[in-house]
Every structure is written in structure tokens, then in C-alpha cells.
Amino acid sequence: MLPYFMAEKKGVQAALEEDPIIKLTEVILIEGVRRKASDILIEPLEKNTRVRYRVDGFLQHGFEFPRSFLSSLLVRIKVVSKLNISERRLPQDGRFKLRVGDKLVDFRVAVVPSIFGEKVTLRILDKANLVLELSKLGFTEEAGQRLQEAARRPHGMLLVCGPTGCGKTTTLYSILHLVDRPTVNITTTEDPVEYEIPGINQIAINPGIGLTFAACLRSILRQDPDIIMVGEIRDGETLDIAIKAALTGHLVLSSFHAMDASGAITRLINMKAEPFLLTSCIVLVAAQRLLRRLCPACRQSYQPDAALCARLKSEKSGLTFYRPTGCSACNQSGYSGRLGIIEILPFSPEVKELILAQASEANLRKKMRETKNKTLWQCGVEKVNAGEVSVEELLRVVAEDEE
């Protein structure tokens, strides 16, 4: 494997001239690790092949190379991923490990056919970038404390919701890391297993052979677990088994697709979950987002006008906000890394009464504000006031609160 400086010095053209396929693959992968990208996209176009990198949630252009190299590159990636090199009509998934410098990096591979050829997406799973401490995810101290208290409960269900790519799995892994100890049996079922965590039993589901979340969860319950993590609750059957597990003395952690914490309750009820069961087993529902952090080396300060302060409900005078500019340290993006914001709906007696009455999402949200629990928008505004996030980034990711 080429070291970083050699990959940068050689470049794509030099790699093609020296040893086309092996060197081209190395350049693509090493550049993704160097940029700290989460994904690499190799996309066949009509006349050439394009490589793009997803960094901090945004795609960046990498480079292009001739289409004549694509088929050999695909064979190379399929071989190391243990995929069928002769199958070009159906999607395939695999993974491989590669030593880059002094660290071992996992790559998850997804191949799908397109009109110009097979497109490859490689998810970079770099354990060096994995943060497994709640205090380092960007959440407020109060939110982190509530998550810790919920995770230390002997039984119940803890749900983390949000859209794809908002960091739900990382939060769940951090909670598992917090509660993991030799006297506890922890088992997870995931699709797929993103990071291998020592000491925790992790199971990758395989719907093709009938190993679904629901089937896997049933088997896990016969393995005497103390804590169970379900990668995602996708259907009513999985939800029903997870609720029963939480009611029978297990701590169940899971992710769930909903836009906010109050909206998650409505969706759970729509999935035929009985309100009285939800109030009996759920300890906490959290919703989160990831915001790009301003690059500290090049952020530019400015004084917000009264209209902007009123919109953000920032009443402090003399506030200083920051906007991105771009420098060599952040690859001219103006941002460096991401931080999390989270809203938490604790299951207080008042909230339980509303759920039992099947109150609307708006009423649940209103009660959340009345009990001084910060919404995603309010958490984001705090990050803007602290100079960590730009106003533009907050407006891009989080919807403003409705009064």
C-alpha cells in the first residue's frame, strides 16, 4: 500500500501509467482516508468514470478517469470484497479491510447496476475516527446526563431517531460502550455491522436467508441477554418483539426513522403499538442531527442584525456570529468535522398521560417545551451563539420551531 505522500505525489495519471488497476485503486482509497470521507462514490458516466468523496455529509469532486479502466477496477474491488465477478445485473454487498499507513481501515462495498455500468459506493469505517464517548459527540451536558441515566436503567426501551446519516448508530454505540462491563451480556443485531466492538456479540442480519431483525431478535432473547441493541425498528413485528423484550426485564436500544422525538410517538402508534405498552416500556426518546463544525482556522466573525437575532431568539446584545470562508486546512470548505445536537422527550407522568390520550404531535411538542426540554432548533441556536456552527448550516439541517 502506498503511503500518503506517495499517493499525493503520484496522482491519478502517474498511477495509471505505472500499474493501472492496482495503483488506481490505491489512489482512490487512500485519498478517501486522507480526506476523512465517510463514503467514496465510483460512478460510470457516458464518456468517463467519476470519483467523488462524501466529507462531513457533502459530496466533493475527486477526479475522473477513462471508462476503459472501469471494468478492471470493478473486478479488483469485487475480488477483495469476495463478490461474484461474473454478476453484473444484480446489486451486491461486501466488505474488506485494508492497511493504510499504520492503521487498518474497513471498507463496506455496495455495487449496483446503472445504465452506463456498475456504480460502486464504498463506506469508509475508520476506527480511528470513531468516537465512543457521549461527552465528545457535541451534546449538551444536560442531554448527555439524561442519556446516561436512561442507559443505566435495568430495563426499558431507549429510542434514538432521525433521518439517515444523522449519527444514530454512533450514539447507540457510545451508549453500549458506557454500559459494557464483564458482568453484562450485550448482543446486537445490525444491518450491517458497521464497527466491530470488542466484548459485544454483534449479529449481521441477512434477509435473503430469513435472518431478519424480528427473527434475530427472537433468537437473541433465548441467549440470556441483559442489553439488546436492534439496529433499526422497521416494521410492526420487530417493534412488538422489542416492546415485549423491554417489558420482560431487558434494556433495549434501537434507532428509528422519525424527524423529531414527538413525531416518533405518533409513528410508533401508527405501527400498531398500543399506547399503554409504550408508556410502560419506553424510558426515553431522542432525536438528533449532525451539523458541520466551522473551521477554527478560517471562520470569519460578524455582528448579526436585529432581524436575525429575533429569528433565532438570541436576545443577548453584542453577539458575535461566524461564517465559513475556506482555507487549506479545511480543503476550502469552511468546515471541519461535525458535531451532534439532540432533543430528548423524557417519559414523565405528564407525557405519559398525553400518549395514553393519543394526543397530537403538536401537543406533545408543546409539553416538551413547557417542561424546559430543548428542541433541536434551540440546541442548534446554542451552537450558533457559541461560534461553533454557522446560521446557514443550522437552517440547512434543522427546521425552525413553530410556536
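Glu370 and Lys367 are separated by about one helical turn, because they stand 3 residues apart in helix H12 (residues 361-370); helices here are DSSP runs of H or I with at least four residues, strands are runs of E with at least two, and each kind is numbered from the N terminus. An α-helix has 3.6 residues a turn, so residues three or four places apart point the same way. This is a predicted model, in which local features need pLDDT of at least 70, side-chain atom pairs count only at pLDDT 80 or more, and totals for chains, interfaces and linings use all residues. Residues are numbered from 1 along each chain as its sequence is written, and side-chain values use heavy atoms, leaving out hydrogens and water.

**Salt bridges**

- The side chains of Glu370 and Lys367 form a salt bridge, with 3.4 Å from N to O; the term means a side-chain nitrogen of Lys or Arg within 4 Å of a carboxyl oxygen of Asp or Glu.
- Glu370 counts as partly exposed because its relative accessibility is 46%; buried means under 20% relative accessible area, exposed means over 50%, and partly exposed is in between, using a 1.4 Å probe and protein chains only.
- Lys367 has 21% relative accessibility, so Lys367 is partly exposed.
- A network of salt bridges with shared partners joins Glu43, Arg50, Arg52 and Lys119.
- How many salt bridges does a search of the whole structure find? The count is 28.
- Asp240 and Lys244 meet through their side chains in a salt bridge of 3.0 Å, N to O.
- Helix H7 holds both Asp240 and Lys244, which are 4 residues apart, about one turn of the helix.
- With a relative accessible area of 34%, Asp240 is partly exposed.
- Another salt bridge, at 2.6 Å from N to O, is made by the side chains of Arg311 and Glu400.
- Arg311 and Glu400 link distant parts of the chain, being 89 residues apart: Arg311 is in helix H10 (residues 306-312), and Glu400 is in the segment after helix H14 (391-397).
- Arg311 is partly exposed because its relative accessibility is 41%, and Glu400 is partly exposed because its value is 35%.

**Helix packing and burial**

- Helix H6 (residues 213-220) packs against helix H7 (residues 236-247) at an angle of about 20°, and their axes are 8 Å apart.
- H6 is therefore roughly parallel to H7.
- Axes are lines fitted to C-alpha atoms, for helices over the stretch in contact, and angles run from 0 to 180 degrees between N-to-C directions; under 35 degrees is roughly parallel, over 145 roughly antiparallel, 65 to 115 roughly perpendicular, and the rest oblique.
- The crossing of H6 and H7 is left-handed, meaning that the near helix is turned anticlockwise from the far one by less than a right angle.
- Which residues of helix H8 (residues 261-270) are buried? Ala261, Ser262, Gly263, Ala264, Ile265 and Leu268 are buried.

- Leu70 lies in helix H3.
- Leu70 has 6% relative accessibility and so counts as buried.
- From C-alpha to C-alpha, Leu70 and Pro44 are 7.6 Å apart in space, while 26 residues separate them in sequence.
- Val75 is found in helix H3 (residues 70-80), and Val75 is partly exposed because its relative accessibility is 33%.
- Val75, Val79, Val80 and Ile85 make a nonpolar surface patch of about 290 Å².
- Patch residues have over 30% relative accessible area and no salt bridge, with nonpolar side chains (Val, Leu, Ile, Met, Phe, Trp, Tyr) joined within 5 Å and like charges within 9 Å; areas come from the Shrake-Rupley method with a 1.4 Å probe, and for residues only the protein chains shown count as cover.

**Backbone in the loops**

- Is the peptide bond from Asp191 to Pro192 cis or trans? The bond is cis, with omega near -15°.
- Pro192 sits in the loop between strand S8 (186-190) and strand S9 (201-204).
- Lys36 is not a glycine, yet its phi is positive, about 60°.
- The loop between helix H2 (20-34) and strand S1 (39-44) contains Lys36, which counts as exposed because its relative accessibility is 59%.
- Lys272, a residue other than glycine, has a positive phi near 75°.
- Lys272 follows H8 and lies in the loop between H8 and helix H9 (275-281).
- Lys272 is exposed because its relative accessibility is 74%.
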